[in-house]
Amino acid sequence: MKVRRSTKLLVEPSAVTTGDIAFNLIVFFLVCASSAPDSGRRQNIPRSETVPQQKEKSQHVEVQLTRTTMAINGDVVRPRDFVPQLRRLLAGKPRLEDRVVVVKSRPEVPYHHWITATSGIEEAGGIITIQREEEREVQIPQ
Amino acid sequence: MGDIAFNLLIFFVILARANDDSFLNWQPARAKNLEAAGYAKASVLIDADSRLFLNGRQLGMSQLPQQIGELLGDAPAGQRTVLLKVHREAQALYYEPVIEAISEAGGDLVHVLEELKE
């Protein structure tokens with residue numbers, strides 16, 4: 001009886017290329033991995049204009065921010081009352097121009113507090129406008 | 001052949017990210033109901049040291065309005081998105097002029113934030 005012998009040999013890939021492949025994979029994943037956030041919130045802020053300070057009281061709702069507090073038309077409100085109170089104030093104002101809410105922030109207000117407040121204003125249906133005090137250089141005569 | 005193509009691919013991916021600002025040190029503020037920021041022509045960043053960057057390059061506040069204007073050019077509405085990345089503890093003294101500058105340049109402002117999980 002004739003026994004057939006298999007002539008297939010085990011062929012292994014060269015181990016030299018393993019390091020190259022591993023290196024390329026590391027580079028690939030490093031390039032692709034991004035820890036930067038890519039979500040956000042769109043915000044429409046009308047273009048501002050420089051106007052002289054008006055004597056008469058503005059008809060718009062004003063929100064004043066300090067480092068830790070929020071105030072509506074001068075009255076400090078708790079964070080949970082902020083949106084409902086703004087909603088009440090804006091309720092009888094169907095025109096867009098009447099729904100403008102002027103945001104006045106102290107220079108030290110942190111961004112996360114500002115975002116919380118402006119998110120609340122938008123949630124209540126307000127249109128945000130920033131009012132900033134202009135900085136001026138004063139020259140002292142010598 | 002495959003190796004070369006793969007390395008070329010990585011090379012172009014790195015080139016495309018040349019204007020990236022992911023190397024800067026900042027922590028986003030948190031908020032609810034966020035949407036995808038999408039593609040933006042400009043990315044303005046205020047880092048943890050209150051330094052200002054436009055597309056990864058540091059610049060002064062006085063240069064910002066003009067530079068944003070140049071980047072946006074005559075792009076139609078909807079393609080004028082400007083990403084704003086502000087460190088969560090940055091002060092109004094620094095970020096409010098930036099918001100105004102973006103608004104003045106006619107940019108569509110998108111605050112880049114982190115989703116607040118309940």
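Does B:Ile4 count as buried or exposed, and what is its relative accessibility?

1. This is a predicted model. B:Ile4 counts as exposed because its relative accessibility is 55%, and exposed means over 50%. The residue lies in helix 1 of chain B, which spans residues 2–16.

2. B:Ile4 also belongs to a nonpolar patch on the surface, formed with B:Leu8, B:Phe11 and B:Phe12. Together these side chains present about 420 Å² of accessible area.

3. Over all chains, the structure holds 10 salt bridges. One of them joins the side chains of A:Arg42 and B:Glu35, at 3.9 Å from N to O. This pair crosses between chains, from strand 1 (residues 39–43) of chain A to strand 2 (residues 35–36) of chain B. A:Arg42 is partly exposed, with a relative accessible area of 34%; B:Glu35, at 42%, likewise counts as partly exposed.

4. Within chain A, a salt bridge connects A:Glu62 with A:Lys104, their closest N and O atoms being 3.3 Å apart. The pair links distant parts of the chain, 42 residues apart: A:Glu62 sits in strand 2 (residues 61–65) and A:Lys104 in strand 5 (residues 100–105). A:Glu62 is buried at 17% relative accessible area, whereas A:Lys104 is partly exposed at 27%.

5. A:Arg78 and A:Asp81 form a further salt bridge, with 3.2 Å between the closest N and O atoms. A:Arg78 counts as partly exposed at 49% relative accessibility, and A:Asp81 is partly exposed at 26%.

Terms used. Residues numbered from 1 in each chain as written. Chains lettered and ligands numbered in written order. Predicted model: local features only at pLDDT ≥ 70, side-chain atom pairs only at ≥ 80, totals over all residues. Heavy atoms only, no water. Patch = residues over 30% accessible without salt bridge, like charges linked within 9 Å, V, L, I, M, F, W, Y side chains within 5 Å. Areas by Shrake-Rupley, 256 points an atom, 1.4 Å probe, with all protein chains shown as cover. Salt bridge = Lys/Arg side-chain N within 4 Å of Asp/Glu carboxyl O. Helix = DSSP H or I, 4+ residues; strand = E, 2+ residues; numbered from the N terminus. Buried < 20%, exposed > 50% of the residue type's maximum accessible area, 1.4 Å probe, protein only.
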